[in-house]
Amino acid sequence: MNTGQIAAKDRKVALFNLGFAYSAFLIGTLCGLLQVFIRNDALNLPGWLDYYQILTAHGLLLAIVFTTFFIFAFFQAGMSRTLGAFGPKVRLWNWIGFVVTALGTILVVVMVVAGQASVLYTFYAPLQAHGLFYVGLALFVIGTWIQGFSLVGHYAVWRRNHKGELSPLFAFMAIATIILWVIACLGVVATVLFQFIPWAFGWTSGINVELSRSLFWYFGHPLVYFWLLPAYMAWYVIVPKIIGGKVFSDSLGRLSFVLFILFSIPVGFHHQLTEPGISSFWKFLQTVLTFMVIIPSLITAFSMFATFEIRGRELGGRGLFGWIRKLPWRDVRFTSIFIAMAFFIPGGAGGIINASFQMNEVIHNTLWVVGHFHITVGTPVAMTFFGLTFWLIPNLTGRRFTKSLQKLAFLQIATWSVGMLLMSTAQHLLGLLGAPRRTAYTGYAHDDALAWFDGLLTNHVTMAVGGSILFLSAALLVFIVIQLWWLAPKASEQTYEEFPIAESDSSMTPRFLENWKIWIGIAFLLIALAYTIPLAELIQHAPPGSGRFQTW
């Protein structure tokens, strides 16, 4: 049987990453369910477990662990599919990277469960976790770098064997995402290795809080694009094949990913608009660079809807919007991703508010930010990953995505959409009313706080209802994953789920778009412009280092 042009040994490492991803997904969504009930004053935890352990685990397992392991599984399968089977060294280093990433994850989770690391996924100083928590974070990043560099090596071998050719669009986008990830991680690696680990083990007496937060957000904002770019890859390369079309523009797709490398990293200060120690000029500069990221996002939106309209009209769509009816709405692989795209429209608009000086003052550190996070990462990214799961696991396991499982998949997508709409809408509105984030307490015996339990959508109960629906949807998704992995019928030649890669015409694509020396060089110039002086000032004029605080 044709195995989708992915070597059996390459499929195995991708499956291990997927298995780890969905294990973290199930535990992380359970933690999310507990959170909304605690905030609703409807649940009391046992003495050995507290809200901030759950909140830390929820953020780490879903936002970091699930996404990262899934992304590397997607990359490994796709790179093997588009560039050919891995060589022995590439495959070995992928396995080593997976093991190191997994060990780092387990160490972090053990510290959280032991009550030694309730510092949330941003691990802001001066809250201090156990030193092993930061060691686990370092191992996690190192493991991803090993996997990433092994894929870069596979790409380099292909380039040597195909001199003068542009790489396949999927491979180009995967390499661009890995480059963004590696450059972005430099900030978090610097703060973990040179600040947090020495501080946590008592080798230094204090920590420069503002510097640590600035280095974290150097990483924290491009982290969002590390999540988004694989979703964009699916939109550009996978979806056109699913609907029977072609990539609208190879050059626009490559240009948008290059622009993300340039403008997604030197923007971290827009997460620190209310913090002292950073002058307004540098905050303003990075806010301007933040809005530059809108350009590749608009390019992506234009390219996708052009693809949809062209294909819809090829199928006979007439009139201004007749092409919409011709799209394959009964194919859950398409419908799930289209809904994910639709959610990203209000999510992107909310991001403009978050990054604006004056409007940020209204919503800073409120539930609005949590709602925004869920409607950008928890829906566009997560639902795109769900849509990929419905064909990726059958492709890797050789099982069949049966009609009954397809019906369950539609139910899963519908419940996720409804649950996220209820929960994120309530969070946005509660944030506008002043309800805080990062706190377990909601009833402050004050009229304004009590109002957070009134109304239809401006209600913590509505948020809990949405969270409950989301957990049921997550459990259904895990059931589908188990079926596709072990229990669904074996596929035949006719029913085998292919790895869909759309045709992309690169004959008119400028060759300089794949000259990584140019783009990495410009990226570092922009980073130097945005960060050199303010970080030097934070170091030169640093106050006495803060001591250790542990509030749990």
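## Salt bridges

A salt bridge here is a side-chain nitrogen of Lys or Arg within 4 Å of a carboxyl oxygen of Asp or Glu. The model is predicted, so local features need pLDDT of at least 70 and side-chain atom pairs count only at pLDDT 80 or more, while totals for chains, interfaces and linings use all residues. Residues are numbered from 1 along each chain as its sequence is written, and side-chain values use heavy atoms, with hydrogens and water left out.

The structure holds nine salt bridges. One of them joins Asp10 to Arg91, with the closest N and O atoms 2.8 Å apart. This pair links distant parts of the chain: Asp10 is in helix H1 (residues 8–39) and Arg91 is in helix H3 (residues 88–113), 81 residues apart. Helices are DSSP runs (H or I, at least four residues), strands are E runs of at least two, and both are numbered from the N terminus. Asp10 and Arg91 are both buried. Buried means under 20% relative accessible area, exposed means over 50%, and partly exposed lies in between (1.4 Å probe, protein chains only).

## Bridges from two loops

Glu514 and Arg254 meet through their side chains in a salt bridge, 3.6 Å from N to O. Glu514 lies in the loop between helix H16 (460–487) and helix H17 (516–540), and Arg254 lies in helix H7, so the pair ties together parts that are 260 residues apart in sequence. Both Glu514 and Arg254 are buried. They also belong to a network of salt bridges that links Arg159, Asp250, Arg254 and Glu514.

Glu275 bridges to Arg213, and the closest N and O atoms are 3.5 Å apart. Glu275 sits in the loop between helix H7 (250–263) and helix H8 (280–292), with Arg213 in helix H6 (residues 209–242), so this pair ties together parts that are 62 residues apart in sequence. Glu275 and Arg213 are both buried.

## Arginines over rings

Two of these arginines also lie over aromatic rings. The charged end of Arg213 sits over the ring of Tyr124, 4.3 Å from its centre. Arg254 lies over the face of Phe172, at 4.9 Å from the ring centre. The rule asks for NZ of Lys or CZ of Arg within 6 Å of the ring centre and within 35 degrees of the ring normal.

## Aromatic pairs

Rings of Phe, Tyr and Trp (its six-membered ring) pair if their centres lie within 6.5 Å; planes under 30 degrees apart count as stacked, over 60 as edge-to-face and the rest as tilted. The count comes to 61 aromatic pairs. Among them, Phe20 and Phe69 have ring centres 4.4 Å apart and planes at 20 degrees, so the pair is stacked. Phe20 lies in helix H1 and Phe69 in helix H2 (residues 51–83), so the pair ties together parts that are 49 residues apart in sequence. Phe20 is partly exposed at 21% relative accessible area; Phe69 is buried at 1%.

The rings of Phe123 and Phe133 have centres 6.4 Å apart and planes at 75 degrees, so this pair is edge-to-face. Phe123 is in the loop between H3 and helix H4 (131–161), and Phe133 is in helix H4, ten residues apart. Both are buried.

## Cavities and pockets

On a 1 Å grid over the protein atoms alone, a cavity is a set of points where a 1.4 Å probe fits but cannot get out; a pocket is an open set with protein on both sides within 12 Å along at least five of seven lines; lining residues have an atom within 4 Å of a point. Grid points are joined across faces, edges and corners, and a volume is the space filled by probe spheres set on the points. The structure has two cavities of 30 Å³ or more. The largest cavity has a volume of about 140 Å³. Its lining includes Phe123, Tyr121, Trp181 and Phe216. H2, H4, helix H5 (169–200) and H6 each give two or more residues to that lining.

The second largest pocket has a volume of about 450 Å³. Of its 24 lining residues, Ile27, Ala57, Leu61, Val109 and Val113 are the closest to its centre.

## Backbone and cysteines

Most residues other than glycine have a negative phi, and most peptide bonds are trans. The bond from Ala125 to Pro126 is cis, with omega near 15 degrees. Pro126 lies in the loop between H3 and H4. Asn365 has a positive phi, near 60 degrees, and is partly exposed at 34% relative accessible area.

The whole structure has zero disulfides (cysteine sulfur atoms within 2.5 Å). Cys185 is buried at 0% relative accessibility.
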